[in-house]
Amino acid sequence: MTAADLARPEGGQPLLRICNVTKKFQDYVALDDVSLSVSKGEVVCLIGGSGSGKTTLLRCINQLHDINDGTIWLEDELVGYRQDGLKLYPLTEKETIRQRLKSGMVFQRFNLFPHMTALQNITEGPVQVLKTPRQVAEATAMKLLERVGLATKASSYPSQLSGGQQQRVAIARALAMNPKIMLFDEPTSALDPELVGEVLAVMRELAHSGMTMVVVTHELGFAREVADRVVFMDRGVIVEEGPASEVLVSPREARTQAFISAVIG
């Protein structure tokens with residue numbers, strides 16, 4: 001790690017800055033010296049095969065995995081560590097929770113509380129973590145349910161909702177915490193094909209509204225339509241990145257070409 005890696009981003013720098021990040025699981029290198037920047041309002045789609053490092057990268061951004069080397073900056077704050085000169089000290093649990101609020105994470109599985117209604121699932125975080133008055137949190141939650149097309153399902157429990165509806169509630173729950181960036185880990189992969197479109201429509205609206213998003217997806221049509229940039233990963237490294245119209249239509253690298261051909265069939 002160099003002094004440049006620990007240099008605080010200046011004004012006008014990207015919202016998210018990933019610098020030379022390496023993540024290992026014992027002897028397995030999941031991320032190998034990965035660097036990536038995401039500007040405010042930008043939508044970046046990560047594509048690649050299973051085991052390419054896409055999900056691991058998201059989980060490092062959201063501090064669900066500790067990194068072995070490199071740094072991650074979100075806004076002007078070093079993720080996961082407190083800096084003293086060129087030395088880094090892990091954040092306390094309380095500091096980590098506060099910092100994690102800057103990024104909203106939507107997983108493949110919906111992870112809703114089964115004993116809570118859709119409305120309660122969305123209000124729980126703001127009330128318990130942000131100490132938002134319940135009445136204010138519920139009013140915000142109703143607006144978010146309307147935004148994701150589920151205003152009539154506020155009193156429904158997860159078991160009463162389809163997979164697509166549960167995922168839309170999960171998106172609303174993440175948005176309720178007012179994140180600076182939204183991270184999506186293949187949010188449609190667990191859905192039946194007929195339910196994929198309703199989730200992608202919500203994500204499309206978020207992208208058009210100016211939300212900063214990093215999306216792991218195998219939906220190449222969605223990436224082509226919505227992404228400002230597409231990043232192809234393979235074996236823990238970034239092989240190719242650029243505008244969606246270039247990477248998905250005329251990829252330069254042979255590995256990218258092979259992956260896209262395999263997905264499209």
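Helices and strands are taken as DSSP runs and numbered from the N terminus. On that numbering, L130 of this predicted model falls in the loop that joins α3 (118-128) to α4 (134-147). With a relative accessible area of 33%, L130 is partly exposed, since that class covers values between 20% and 50%. L130 also belongs to a nonpolar patch on the surface, together with I97 and V129. The accessible area of the three residues together is about 220 Å².

Helix α3 itself contains N121. The side chain of N121 makes a contact with the backbone of F113, reaching the nitrogen at 2.7 Å.

One aromatic pair is present in the structure. It is formed by F232 and F259, whose ring centres lie 5.3 Å from each other and whose planes make an angle of 35 degrees. The pair is classed as tilted, because stacked rings have planes under 30 degrees apart and edge-to-face rings have planes over 60 degrees apart. F232 is located in strand β11 (residues 229-234), and F259 in helix α9 (residues 254-264).

K23 is placed over the face of F25, at a distance of 4.9 Å from the ring centre.

R235 is part of the loop between β11 and β12 (237-242). The relative accessible area of R235 is 67%, so this residue is exposed. The C-alpha atom of R235 lies 9.2 Å from that of S50, although the two residues are 185 residues apart in sequence.

Q13 lies in the segment that precedes β1 (16-25). Q13 counts as partly exposed, at 40% relative accessibility. Between the C-alpha atoms of Q13 and V38 the separation is 9.3 Å, and along the chain these residues are 25 residues apart.

Key. Residues are numbered from 1 along each chain as its sequence is written. This is a predicted model: local features need pLDDT of at least 70, side-chain atom pairs count only at pLDDT 80 or more; totals for chains, interfaces and linings use all residues. Side-chain values use heavy atoms; hydrogens and water are left out. Rings of Phe, Tyr and Trp (its six-membered ring) pair if their centres lie within 6.5 Å; planes under 30 degrees apart count as stacked, over 60 as edge-to-face and the rest as tilted. Helices (H or I, at least four residues) and strands (E, at least two) are DSSP runs, numbered from the N terminus. A charge sits over a ring if NZ of Lys or CZ of Arg is within 6 Å of the ring centre and within 35 degrees of the ring normal. Patches are made of residues with over 30% relative accessible area and no salt bridge: like charges are joined within 9 Å, nonpolar side chains (Val, Leu, Ile, Met, Phe, Trp, Tyr) within 5 Å. Accessible areas come from the Shrake-Rupley method with a 1.4 Å probe; for residues, only the protein chains shown count as cover. A salt bridge is a side-chain nitrogen of Lys or Arg within 4 Å of a carboxyl oxygen of Asp or Glu. Buried means under 20% relative accessible area, exposed over 50%, partly exposed in between (1.4 Å probe, protein chains only). A polar contact is a pair of N or O atoms within 3.5 Å; within protein, one must be able to donate a hydrogen and the other to accept it, and residues adjacent in sequence count only if both atoms are side-chain atoms.
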